[in-house]
Amino acid sequence: MQERMVNPLYESAAIGERLRWVFLAWRSGTNGKCTQKEFFRRAGIAPNTGNNWLSGKERPRVDEAIRLCDVYNLTLDYIYRGDPSGLRYEMRDKIALLMSSGGLR
């Protein structure tokens, strides 16, 4: 039996990492005053569910990811595949800047 190769970009940990960068980019626009709890609640997602995504324990279901896309102007391609080409320039630039500086401290 042939083993199925899984693209590491699709793994829960990689998705969680991308969502962490999105959270940090969004938070930077609030002068660092908003929490992960508020970030997920704004999208109608339980904070503990969101924390499981950020930690790589779980992946968001498509309907949950769509809620994030609607609220934060993301794309499913970015969340699930890591393709930033469909993101708004502001979000893409903030994420790139944060990644290059190592994030917010």
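Is Pro 84 buried, partly exposed or exposed?

1. Pro 84 is partly exposed, at a relative accessible area of 33%, where partly exposed is the range between buried (under 20% relative accessible area) and exposed (over 50%), taken with a 1.4 Å probe and protein chains only. This is a predicted model, in which local features need pLDDT of at least 70 and side-chain atom pairs count only at pLDDT 80 or more, while totals for chains, interfaces and linings use all residues. Residues are numbered from 1 along each chain as its sequence is written, and side-chain values use heavy atoms, with hydrogens and water left out.

2. Pro 84 sits in the loop between α5 and α6; helices here are DSSP runs (H or I, at least four residues), numbered from the N terminus. Leaving aside neighbours within four places in sequence, Pro 84 is in contact with Tyr 78 and Arg 92, contact meaning heavy atoms within 4.5 Å. The C-alpha atom of Pro 84 is separated by 9.7 Å from that of Ile 95, which is 11 residues away along the chain.

3. Ile 95 also belongs, with Phe 39, Leu 68, Leu 74 and Ile 79, to the residues that have the most contacts inside the largest nonpolar core, a group of 27 residues. At least two residues of this core are supplied by each of α1 (12-28), α2 (36-42), α3 (47-54), α4 (62-72), α5 (76-81) and α6 (89-101), and the largest share, 8 residues, comes from α1. A nonpolar core is here a set of buried Ala, Val, Leu, Ile, Met, Phe, Trp, Tyr and Cys residues joined through side-chain atoms within 4.5 Å. Not counting residues up to four places away in sequence, Leu 74 touches Val 22, Leu 68, Cys 69, Ile 79, Leu 87 and Met 91.

4. In α4 the buried residues are Glu 64, Ala 65, Leu 68, Cys 69 and Tyr 72. They lie on the same side of α4, because they cover an arc of only 145° around the axis, the arc being that of the directions from the helix axis to the C-beta atoms. The cover over these buried residues of α4 includes α1, α2, α3, α5 and α6.

5. After α4 comes Asn 73, in the loop between α4 and α5, and this residue has a positive phi of about 55° although it is not a glycine. Most residues other than glycine have a negative phi. Asn 73 counts as partly exposed, at 34% relative accessibility.

6. The structure holds 5 salt bridges, each defined as a side-chain nitrogen of Lys or Arg within 4 Å of a carboxyl oxygen of Asp or Glu. Arg 61 forms one with Asp 63, the closest N and O atoms being 3.0 Å apart, and another with Glu 64, at 3.5 Å between the closest N and O atoms. Asp 63 is partly exposed, with a relative accessible area of 37%, whereas Glu 64 is buried at 9%. The side chains of Arg 67 and Asp 63 also meet in a salt bridge (3.7 Å, N to O); these two residues are separated by about one helical turn, because they are 4 residues apart in helix α4. Salt bridges that share partners join Arg 61, Asp 63, Glu 64 and Arg 67 into one network.
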